[in-house]
Amino acid sequence: MAEKPVTQKAVKKPMKVKEVGFLVFIALMALLPFVLNLITGTGLNEGVTKFWQGQLIAFFIMAVFAMSYDLLIGFGGILSFGHAASFGGGAYAFGLLMKHWAPNFVKENPIMLGNTDLTMLVVLLVVLLVVLLVSVAVGLLFAVTSMRLKGTYFAMITLALSTALFIIIKSTDLHEWTGADEGLHGISLPVWLNPTQNRLTVYFITLAFLCVSYLLLRRFVNSPTGRVIVANRENEDRMRMIGYNPVTYRTIAFVVASIFAGLAGMFFSIWNMSATPTMISAVTTVNALIMTIMGGMGTLIGPIFGAAISQIIQQFFYTWFGARWPLIFGVLFILIVMFLPYGIVGTWRLQKGNLREGWKRLLRLFTTKSEAEAPESGQKPPSM
Amino acid sequence: MNPKTKKLLIGILIAGLLVAAVAGVYAYAGQRAFISTLFSGLTLGSLFFMVAAGLTLIFGLMDVLNFAHGSMFMLGAYIGWQFYTNPTFIFGMAPFLLAFGAGVMVTPIIKPYLIALNISEKLQKALPKIAYVLALAALVFAFVGFDILSVANTAMVAATTTTVGNPLAELSAQEPLSTFWLRPFLMFVSGLLIAVASSRPGDKTQFAPREPIGKKLLMPAALLVLTALSTLVRESASESVLLMNGNLRFALSILLSVAFGFVFGAVIEITLIRPLYVRPTFILLMTLGLSYVIRELVQYLWDPLTYQMSRPPLFAQPGKASSIAEWLQKGSSTIDIYGATVPTYRLFIIALGIAMFILVIFVMTKTRLGMIIRAGVQDPQMVEAMGINVKAVFTVVFAMGVALAALGGIGAAPFLPVQPLMGDTYQTQGLITVVIGGMGSYIGAFVGAMILGMARAFGDYFALKLSLSPAIAEASTVIIMVIVLLTRPQGLFGKKE
């Protein structure tokens, strides 16, 4: 994997800056719908405000998915093309249960506590549990295959496994359950969780999901286990020498990544009220890969950035460049791979000192002309 | 037990099972169905091999998984199909590309003189950048006002519509030569500027001996002559090509596709892949982005439609031939083989696949280039120490891989619908083939491709006959791959690391 690790450093001072940034992000996101409402005055569940909530919901969910993928590729150094299996698995587990099991259950076994109807809550909890179980199972499946295969071969078998799942999900035999090619549509949701009726609730739930996921993943990455996973990426033989079993830690990485991806898939199917075969295909994995690469591998903020950028690109490139926008996007992607291999966040962290130096020089250039010449020779100009 | 006897026993067991399976299927399906399914399996296998051959060649030497291979397969099909049905685009673009190539090819001539220049360090850094910017400007100016889309889209007939007219009927008048010549000239200037930039003027760390320039002059001179020629004939040539004998035209379009694939591959390797050898994962990502770009470019030029390339006359006449001689004489579209009706174009694809296999084997084992490649797989440093330019060998191998993909593409074009995603399914199957056969092994790629082709064809047959789900045939290749990988992780013919 990448030869220069761009991991988060547990230095004391930048940590503070990061916390502040994180809080500002939460505050901004939480206020955004209300501010937009004030500006446009269309109401919280109408027009532009609603549209932007939708965009941001998709961004929050994809950010978690990209982060979970980064846990594998950036921190674990595992190139998997089957990560969408967890995403789609979670979505389908949720969709199937909510469509085929929940309505009957709610009708037949109402659970009451005093006067309040707790049935839906119980149902959602059960479904959540099943989603978690499915995600863990998918993670374990990939972990087991990774025991025998490495590198390119492993990437290929993950591609094959996800293709196999894709074929199964869209096979016509399962039409009455999964809806085959068209996907699972019309998942019945309680009114308070319905994104068309109560988008603001879904907005805040997904925002909370992103924040909690980020905090949990950051804790995980900086924990001793996370450190071993990173070390495993750097030198597996050495890890084994020291006495850590790489298989155990890889399995942990797979299961954790899979759980977050599965939850993201569940939220995505809530947001779309459907689950489609595309969610399980390699295209979705490649999307997460692109987000991770654009933002910066081996950082947690990177994938969030990448998800935001990719959401913006998907939304605006069509209006800017017409139907052939992926052409521009492809060129952009190639340029990023060629010139910013650590992504936006990674390059920023590497070049921070350089940039600051360049900024100082620029300031000096304007204040006194004679001083500006002196440090010119030694320093390299920033390349950003 | 002795490992050798164990291996032998396993081999006999597998062979026995295989024979039993074939005999069982033959007895069950009957001769006719068996033979026609066999031939469709062979056709699919050939197609898979056409993609897998290039993939495995590239992977074997460079450890690069080329995710743009399917797009290159598709591009080869498009180029050949354009030449076959509507050469306006090819002839319209030829002056530009040839002029640009002529400019770039000047590099080896001017490099020894440019690097010997004594210029300041600042200028040394700035000069290539300035030259690149100027080159880009010249390139843009060369295309200003040139309507690429109208050249590409002249009378394209999508497969969904049935009207087929004279492809050149709608051709709008092109620019007069008095102004057009400026475009190739600007392209030549752009190429020259790139030659200047890439030879790093004044950089004393570079090395280029001053040899007599006679031999080096040949390439740019030839390209310049071709540029002049193609500029002159750019309008009239399309018609004369269309009036040609169809079979000859098809053969020419195959040649053109292969040549284009080779040059395209070489350019991609030098510009995009070479800087990334230090970061192998990023090559994979780069090829992913490249496949996006190629696919979108094709959709931009020819719209996201499905086209049908007509078969060359040798395979097009209605009627069933009873023997190969009769087919060659009449050009029938189907042929009778032991009672089964097989389209003759399938025979051509099978033959093309086998010819490619023999060609690859021949190049790899009997020529000096093949020897160098095989040595390079084992120990690139040692080969370099022997005085062989391994970088150049890498370029040639990548270019060969892309040329094979383009050959497969044009070979398959009359058989498959020509559309921007035509390569993608074959790329996935090709990757699976390579994994089954063992990465870097071309014999493995052939055997793997045939296994997959048979699995698909017979899977489809049984799914239809026993009214099972067609998903089984689709998933069969994946299942075979999983079984192979879990029992023999290095693939059937791969070497253990």
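Close-up 1. At 0% relative accessibility, B:E269 counts as buried, where buried means under 20% relative accessible area, exposed over 50% and partly exposed in between, computed with a 1.4 Å probe on protein chains only. B:E269 forms a salt bridge with B:R274, and their closest N and O atoms are 3.7 Å apart; a salt bridge is here a side-chain nitrogen of Lys or Arg within 4 Å of a carboxyl oxygen of Asp or Glu. B:R274 is partly exposed, with a relative accessible area of 26%. This is a predicted model, in which local features need pLDDT of at least 70 and side-chain atom pairs count only at pLDDT 80 or more, while totals for chains, interfaces and linings use all residues. Residues are numbered from 1 along each chain as its sequence is written, and side-chain values use heavy atoms, with hydrogens and water left out.

**Close-up 2. The salt bridge between B:D424 and B:R295.** The closest N and O atoms of this pair are 3.3 Å apart. Because B:D424 lies in helix α19 (residues 422–437) of chain B and B:R295 in helix α13 (residues 280–302) of chain B, the pair ties together parts that are 129 residues apart in sequence; helices are DSSP runs (H or I, at least four residues), numbered from the N terminus. B:D424 is partly exposed at 26% relative accessibility, whereas B:R295 is buried at 17%.

**Close-up 3. The salt bridge between A:R250 and A:E236.** Here the closest N and O atoms are 3.5 Å apart. A:R250 belongs to helix α10 (residues 246–272) of chain A and A:E236 to helix α9 (residues 236–242) of chain A, so the pair ties together parts 14 residues apart in sequence.

Conventions:
Chains lettered and ligands numbered in written order. Helix = DSSP H or I, 4+ residues; strand = E, 2+ residues; numbered from the N terminus.
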